[in-house]
Amino acid sequence: LHNPTKTLHSGATMKSRILIALAACLCLFSQASLAKEPLLETEHMRVYSVEGEFATYREALEMAITNRGIVINNVAYIGNMLKRTAADVGGKPLYQEGEALEFCSAVISRRMMEADIHNIVFCPYIVAVYVTEAEPNTVYVSYRRPIPVGDDASRESLMAVEELLEEIVQETLDAF
């Protein structure tokens, strides 16, 4: 009637399956919660790098912005401008591709300017995506960090801008 070997084997198999499932969940959770670390960070900028194609990450950046209900005000085609003017100014090629997307968040921008009317200088926000001539398989995504100035309310509002920029960049980098 009762086979202890079968019960032991089934119990061991069940424990193994549970442990494997838990390990898989922990692995997925830890990967999802790990933010990419910046390649370069100063008080003025934060730069990330990832292997891939420019178009892929450029599209991911646009989606990370617009999925938040934010409108992109302008796209600066900096790489193209530098290519076009290189002969006139005697410059060497710098970028294979290079764009800067400009945008503002109505909610965060309003809070920032209500905190200090002069914080208008921190808008629009800009995130750049580019590939250099020197590293054609590396895509860089970077942004200008708002400097937390003014009183507590102003500094807090400017830190919220940086949090938004960081979230957008992390979403862009995690897209693939």
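Which residues lie nearest the centre of the largest pocket? Phe 122, Pro 124, Arg 144, Arg 145 and Pro 146 do. Keep those names in mind. One caution before we go on: this is a predicted model.

Let me finish with that pocket. Its volume is about 200 Å³. In total, 13 residues line the largest pocket. Two elements give two or more residues to that lining: strand E5, residues 125-132, and helix H5. By class, the lining of the largest pocket splits into ten nonpolar, one polar and two charged residues.

Now the overall fold. The protein has 176 residues, and 33% of them count as buried. Its secondary structure comes to five helices and six strands. Along the sequence, the pattern reads α-β-β-α-β-α-β-α-β-β-α. Take the contacts with a separation of 6 or more: 67% of them join residues 24 or more positions apart. The accessible surface is about 11400 Å². Carbon and sulfur atoms hold 60% of that surface.

On to the sheet. What is the order of the strands? It runs E1-E2-E6-E5-E4-E3. The sheet is open, has six strands, and pairs antiparallel. E1, residues 40-41, and E3, residues 72-76, are the edge strands, each pairing on one side only.

Look at E6, residues 138-144. Is E6 mostly covered or mostly open? Mostly covered: six of its seven residues are buried. On one side, E6 is joined to E2 by seven antiparallel bridges. There, Arg 46 has Tyr 143 of E6 as its bridge partner. E6 also pairs with E5, antiparallel, over four bridges. Val 129 and Val 141 are bridge partners in that pair. E5 and E6 form a hairpin, with five residues between them.

E5 has another partner. Strand E4, residues 95-103, pairs with E5 over eight bridges, again in the antiparallel sense. Here Val 129 turns up again: Glu 99 stands opposite this residue of E5. A general point for anyone looking at the sheet: in a regular strand, side chains alternate between the two faces.

Next, the second largest pocket. Its volume is about 160 Å³. Which elements give two or more residues to its lining? They are E2, residues 45-51, along with E5 and E6. E5 gives the most, with four residues. The lining of this second largest pocket includes Leu 40, His 44, Met 45, Ile 126, Tyr 130, Tyr 143 and Arg 144. Sorted by class, the lining has eight nonpolar, two polar and one charged residues.

Last stop: Glu 162. This residue lies in helix H5, residues 152-174. Why does Glu 162 count as buried? Because its relative accessible area is 13%, and the cut-off for buried is under 20%. What does Glu 162 touch, leaving out residues up to four places away in sequence? Arg 46, Tyr 143, Arg 145 and Pro 146.

Those names link back to what we have seen.

Note on methods:
Residues numbered from 1 in each chain as written. Predicted model: local features only at pLDDT ≥ 70, side-chain atom pairs only at ≥ 80, totals over all residues. Heavy atoms only, no water. Buried < 20%, exposed > 50% of the residue type's maximum accessible area, 1.4 Å probe, protein only. Contact = heavy atoms within 4.5 Å. 1 Å grid on protein atoms, 1.4 Å probe; cavity = no way out; pocket = protein on both sides within 12 Å on 5 of 7 lines; lining within 4 Å. Points joined across faces, edges and corners; volume = space filled by probe spheres on them. Nonpolar A, V, L, I, M, F, W, Y, C, P; charged D, E, K, R; others polar. Areas by Shrake-Rupley, 256 points an atom, 1.4 Å probe, with all protein chains shown as cover. Pairing = 2+ DSSP bridges.
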